[in-house]
Protein chains: 2
Amino acid sequence: MNALPAWLRDYRREWFAGDLTAGLIVTVMLIPQSLAYALLAGLPPQVGLYASLLPLVAYALLGSSMTLAVGPVAVASLMTASALQPLATPGSPEYVALAMQLALLSGVMLLAFGALRLGFLAHFLSHPVISGFITGSAVVIAVGQLPHLLGVKIQAHGVWETLAALVHALPQTQPVTLALGGGSVLFLWLSRRFLARGLARLGLAPGTSELLTKLAPMAAVLVTTALVAGLGLAERAGVRIVGAVPQGLPSLTVPLPSLETLGPLLLPALLISLVGFVESVSVAQSLALKRQERIRPNRELVGLGAANLASAVSGGYPVTGGFARSVVNFAAGARTPLAGVISAALMALVVASFTGLFHHLPHAVLAATIVVAVTSLIDTHTLKEAWRYDRGDALSLLATAAGVIALGVEAGIAIGVACSLGVLVWRSSHPHIAVVGRVPGTEHFRNVERHRVETVPGLLALRVDESLYFGNANVIEDRIEARLAADPGIRQVLLVCPAVNLIDTTALGVLTELQRSLARRGIALSLSEVKGPVMDRLRGTPLGQALEGQIHLSTHEAFEQARRTLGAV
Amino acid sequence: MNALPAWLRDYRREWFAGDLTAGLIVTVMLIPQSLAYALLAGLPPQVGLYASLLPLVAYALLGSSMTLAVGPVAVASLMTASALQPLATPGSPEYVALAMQLALLSGVMLLAFGALRLGFLAHFLSHPVISGFITGSAVVIAVGQLPHLLGVKIQAHGVWETLAALVHALPQTQPVTLALGGGSVLFLWLSRRFLARGLARLGLAPGTSELLTKLAPMAAVLVTTALVAGLGLAERAGVRIVGAVPQGLPSLTVPLPSLETLGPLLLPALLISLVGFVESVSVAQSLALKRQERIRPNRELVGLGAANLASAVSGGYPVTGGFARSVVNFAAGARTPLAGVISAALMALVVASFTGLFHHLPHAVLAATIVVAVTSLIDTHTLKEAWRYDRGDALSLLATAAGVIALGVEAGIAIGVACSLGVLVWRSSHPHIAVVGRVPGTEHFRNVERHRVETVPGLLALRVDESLYFGNANVIEDRIEARLAADPGIRQVLLVCPAVNLIDTTALGVLTELQRSLARRGIALSLSEVKGPVMDRLRGTPLGQALEGQIHLSTHEAFEQARRTLGAV
């Protein structure tokens, strides 16, 4: 076994310029984001910086994406806060220890899923549910930052409580904080909106101008920190600042959870793992497709698991692949995960020597970067598409978003998964059943209501467009009986089964009863196009024996036989 | 609107003999059962009698089965006990009031389901889950009766606790109680096992002998009551007896739940309604089929709902259609629900004038009738069949039974439903995908591994045996990519879609990406046998537009075109 990853073994010199540029630009984005997301997670600022060191190296060695930028992200930070706030005081040493334990559990789970090939679990989070979850989270996060922007302190949980408390606290707004925070929001929003276009008009390449706008948060941080430090705004105007950030690299420990904390951390760790995995894979995949690279989901589980373990042992908190940073990494020319290693090295330099620079950084400006970053996560596009294409999916999306906003992240995901499974079962319990006939001149059979087809008098040929299982077996029986009641001339019922992928025990019982009851009335039951796996099971059951000779390979064959038996034209 | 039900409007004189006989025999079964099941539900004996009066009349007027015998049943009694024991002391007036409220809620829910045509909700209880639930309940019920059979008093909840407490309490066993209880169990078991055969050998018709054995519980009640009264066993040997049962018909009240009790009663009422409905319909349907009668599920909801409302307002508790009594009713010749009305009238006579007869009836004998009745509910047949036919269903059954025994009825049902949905989703997330070719000389296409078929070089024709949705979209994409990697000569991918009943938003996104990625590699994507409802949605989406002209009505057509395009033989 070769311990080096393929990209490193076969590294080509011409890739280095791109990796270096991308590493530099991502670092400039990562510094304010890691501080801001630590704040969002209720953690001291250095925890965000620590989560941006070793995890990047671990992912570079074990992940499968060439361009995914791992580290602290908004949604996982919100989920961390929501998991830990009931357990300890935000910012306290116990809270930090719990965050490290959460990363450890999350890492262990991701690795276990990778080893057990359980990556498919993530498939239960449908695209609309994930979209609704992220949109809801973005709203919760943005609302949570409003007090920081206004410079007021409130004690509130959840969106409604926070908004209600804010209305009362409005008179306490600190004008200087609001000016710094509001000014930053405006600057960041305008630069995102117009800067790229303006720079392009000045003659810069569109790609380069696009990248430069990503540096706006760093510019806001530098300018406002200088202002606050120079004018003494913290002391004179009560502007809350980051304060002393410990300098020096984190020491390594293994943060094992105690038996009491293990219980409440398990579910949040699972959700952070799954949501983080789904998000990372979808970002990684969409970037990989642009360069004909391939993402291997089980390798991603291992890469993300290792990143979280690395975060846990080096004083960090749960990390995953971030959307915005990955896109920038890709656009800035990253060819291999070396870009991530370069970012990690630069972050290490900052943590080891320059944390003093953040002392006068105002909270309001970090809040501004968060608010502007998460508004881009609000996804109305998927909602619109789903609304047009599939109303049930759109409702799952809305229910998930509403659940996250009104009840919190865990309840939101639970509602989303329940909705999407509910829609699925509801649909399959109301199956589409078509009466079919032959398309003239072919051996192909289609719905009599949609196509001009030939039928055989006395034969009722029904195509059930669903597996037969407990959720619909009785419905299907009822519909057959209704058709028989409507046409007493029917002598044979043919079930056309290309869409029947399963007949479960309940449906087998219903079909067995149906066959007996039809036989008593002198009506034959036959099947066609039964698939191999379904046929394998049917053989040897009483129904299989009763239908001996009545199970036809093709519907054509079944029609030919019915034509002979029923003596029709 | 004619207020009279059809059976009463068109009543024929020749039906009366059968209805009268059945009404009499069912009453003789109903008296000990209604007393015993009230005991099981933790209610005073008269509540069981009251639940056997008006509900029978209400069902006779509104239900759709000619032979279903409604009244107190074992499983609903257990569910009542398990719902109410946390809320009040068994036997207390509050407990009785809560039982009436539970019947009221259950009745309202059943009527609402009938009005909203929500009968399909019951379909979520698959046959294996119901079977496991009833088997588990039978075990819980039987174990719960052991202390009564031994004459010991223990304070315990659940199967394990009861068994553990029994071991400790064994030395306190009352010999006379054990003799009465154990003797009754032996007598009932022997009479069930051998009496019918013995009577038949004496020259009685097999049907008549079968029915006579159903009177054994009444015989046990009469003999032991006479013994206890005559020998004064209650006073001299400490045998627990039923004691004074209030004489006279119940007064009518409307037992409205208070706001505090409403909450904890809702879920139990829902479960009692659904389980009772599913059981009643399945018994009613199997009896109706023998006489070419028809059960209408929505009418059954109304009939059972009315029966529960009637029980609630007349001092009863939740009722439903009982398996054993319905079978006896049918076998004894009941032609119409008049048999039920006759039973109700006889029960009314007993309640009004003869409750004194039950004073010396020993609890141990009631326990014996319960134990023998529920052992017949233990259903190993379904387990064996499911084990042979569908391992997943068998595991759902076992999980439900184990859940009921270890954790209680509500947890058991929840586990069962979760298991059966889980099995369903697990299956559809691991879809069967077959490479298909043409069966020579036909226009029919089958799995290349199961049939001798013709293929077109350069064409990969895949039949996906499942709807495309969030649970399997990525799996399917991965499998297609794996096939492409294995055979670089493939120029066209054809998805044969007769089994695709739905393409949800998530799968639409995956397919859209797949089409683009294939196109970039010079590989065409096409579809065949897309069903009408799926096609309706696909039209107008970007994928539908990109596949313009590549969606074929039949696989035959798609193969013919591929043969031309790819220039193969």
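Trainee: Of the contacts in chain A with a separation of 6 or more, what share comes from residues 24 or more positions apart?

Mentor: That share is 80%. A contact here means heavy atoms within 4.5 Å. Keep in mind that this is a predicted model: local features need pLDDT of at least 70, side-chain atom pairs count only at pLDDT 80 or more, and totals for chains, interfaces and linings use all residues. Residues are numbered from 1 along each chain as its sequence is written, chains are lettered from A and ligands numbered from 1 in the order written, and side-chain values use heavy atoms, without hydrogens and water.

Trainee: How many helices and strands does chain A have?

Mentor: Chain A has 25 helices and 8 strands. These are DSSP runs, numbered from the N terminus: helices are H or I with at least four residues, strands are E with at least two.

Trainee: And what percentage of chain A is buried?

Mentor: Buried residues make up 56% of its 569 residues. Buried means under 20% relative accessible area, exposed over 50%, partly exposed in between, with a 1.4 Å probe and protein chains only.

Trainee: New topic. Where is A:Leu61?

Mentor: A:Leu61 sits in helix H4, residues 54-62 of chain A.

Trainee: Why does A:Leu61 count as partly exposed?

Mentor: Because its relative accessibility is 43%.

Trainee: Which residues does UniProt list for the STAS domain?

Mentor: The unreviewed UniProt entry lists residues 449-562 of chain A. Such annotations may be inferred rather than shown by experiment. That stretch is 44% helix and 16% strand. Its end C-alpha atoms are 21 Å apart.
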